[in-house]
Amino acid sequence: MNAVEYEPVIGLEIHVQLRTRTKMFCGCALSFGDEPNVHTCPVCLGHPGSLPVTNAQAVHYGLMIAMALECTIAPRSIFHRKNYFYPDLPKGYQISQYDIPLGRDGHLGDVRIHRVHLEEDAAKLVHAGSSGRMHTAEASVVDFNRGGTPLVEIVTEPDIRTAEQAGDFLRLLRATLKRTGVSDVNMEEGSLRCDANISIRPVGESNFGTKTELKNMNSFRFIERGIDAEVARQQEILRGGGEVEQETLHYDPATGAISSLRSKEEAHDYRYFPEPDLVPIVPTEEMLERARAELPELPAARAERFERELGLNAETARLLSFRGELGDFFEDALGADGEVEPATLANWVTGDLVARLGDTEPQQSKVEPRALARLVELVSAKTISQSAGKTVLDVLAAEGGDPERIVEERSLGMAGADELEGIVDRALEANPQAVEELRGGKAKAIGAIVGFVMRETKGRADGGEVNRLVREKLQL
Ligand SMILES: [Zn+2]
């Protein structure tokens, strides 16, 4: 019997910490890495009688996210209490949104967005083992600084079919959120966290299989690997005649192992009910207008513009738009010098410049946008060779400066005809066998001669010109 082919069905839930000054429902400052429990008050500690007040800036950022994801904004949405007990939740409930989220029915790329809603983060549990902060015994301690941090939760429709597609979507989402400025989207610090809902079904089946939830993966690579591991696990169960259980799982990136955290809860387990202490969110025309006005050009639109208006290829356009600072640098360089050819400049930015700067954004480097544009022009005009251009970029990255001066000071200008002629003569003399082969019709043999000239000129010669001179001298 042939094995049944299965198709993965994946939906993502993404939590985004908003970069507001204060928490979601109180005036405590947001912090990361401060002393534990210094940013707390009766509201975020859940003291009796304390009353929450909604952070207007968080609502504003929520609207911006919902709009960036092309959601329909609810004219009136409310907060709910999501009831459960956990040590990181002093009130015994989390304030979230339930049946009417801030935004719904959007999309990003080809993945539909089910909903976008506002909520508050839980506090942080720190598990201290015998080697940790607690020396005497294993224990868990709570840091309430994070409790009450404004979150936006983004839930996709189950439109994703592969781990790679999930990774691509998340990279586009992170670039989009970063561009809006509403979050620092730092995955290591937990300001962008992702859960994946995963099920599989026989190819051609339209009903969904039982799904499991992979919790809190904090890097794109781990998410992709975790999804692949979970899909493989489910296939093995179904092929063995078993049934997938609905549960919440943890993927350990170090070992690749998947372990069960708990059987998956249903919405009704939380006894959601409307939060009586908060007024509904009713966005006014003015609020909507302000959110719309603050949205910058987003990465997907920018990539499309780079392709359409500047003739960049899709891959380069994507590289420049997904790393916004790189795109900004490229556009600054383009604007600083009207002569430079966009596609050539883009190749220098995404290739040679990135190779030299790594993860450092070019704005933090010593390379000025105008200097790079000028350098690319010098190479294009054959004032200097490609290889000399790279040497100039090395200098720009290390010390900054003006490309023309660097060329002059280091004598990197293209070797002139007089200089070249002498060197070509010597190259022919030094490579009698190559000359013989060339005369015999073996065109490839010219490589040895051109190589000699390049070494002699330290890469300052124009390859085409050297070719021409060699052929002229040998009367080929
Ligand atoms: Zn507080």
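Which residue of E12 does leucine 214 stand opposite? Leucine 214 stands opposite leucine 249 in E12. The model is predicted; local features need pLDDT of at least 70, side-chain atom pairs count only at pLDDT 80 or more, and totals for chains, interfaces and linings use all residues. Numbering starts from 1 along each chain as its sequence is written. Helices (H or I, at least four residues) and strands (E, at least two) are DSSP runs, numbered from the N terminus.

**Nine-stranded sheet**

- Nine strands form an open sheet with mixed pairing, in the order E2-E5-E6-E9-E1-E10-E11-E12-E13. Two strands pair if DSSP finds at least two bridges between them.
- Strand E2 (72-73) and strand E13 (258-263) are at the edges; each has a single partner strand, so one side of each lacks a neighbour in the sheet.
- Strand E1 (residues 6-17) pairs with strand E9 (residues 150-156) in the antiparallel sense over five bridges. Valine 16 has valine 152 in E9 as its bridge partner.
- Strand E10 (residues 192-202) and strand E11 (residues 212-217) run antiparallel, joined by four bridges. Here cysteine 194 stands opposite methionine 217 in E11.
- E11 pairs with strand E12 (residues 247-251) in the parallel sense, over two bridges.
- From E11 the chain crosses through helix H3 (residues 220-239) to E12, a left-handed β-α-β crossover. A crossover is right-handed if, with the strands pointing away from the viewer, the path from the first strand over the helix to the second runs clockwise.

**Three-stranded sheet**

- Three strands form an open sheet with antiparallel pairing, in the order E4-E3-E14.
- Strand E4 (93-96) and strand E14 (273-274) are the edge strands, and each pairs on one side only.
- Strand E3 (residues 80-83) pairs with E14 over two bridges, in the antiparallel sense. Histidine 80 stands opposite proline 274 in E14.

**Helix packing**

- Helix H12 (residues 417-430) packs against helix H14 (residues 446-456) at an angle of about 130°, with the axes 9 Å apart. Axes are lines fitted to C-alpha atoms, for helices over the stretch in contact, and angles run from 0 to 180 degrees between N-to-C directions.
- That makes H12 oblique to H14 (under 35 degrees is roughly parallel, over 145 roughly antiparallel, 65 to 115 roughly perpendicular, the rest oblique).
- H12 contributes Ile423, Val424, Ala427, Leu428 and Ala430 to the contact, and H14 contributes Ile449, Phe452, Val453 and Glu456. Residues are in contact if their C-beta atoms, placed from the backbone, lie within 7 Å.

Key
Two residues are in contact if their C-beta atoms, placed from the backbone, lie within 7 Å.
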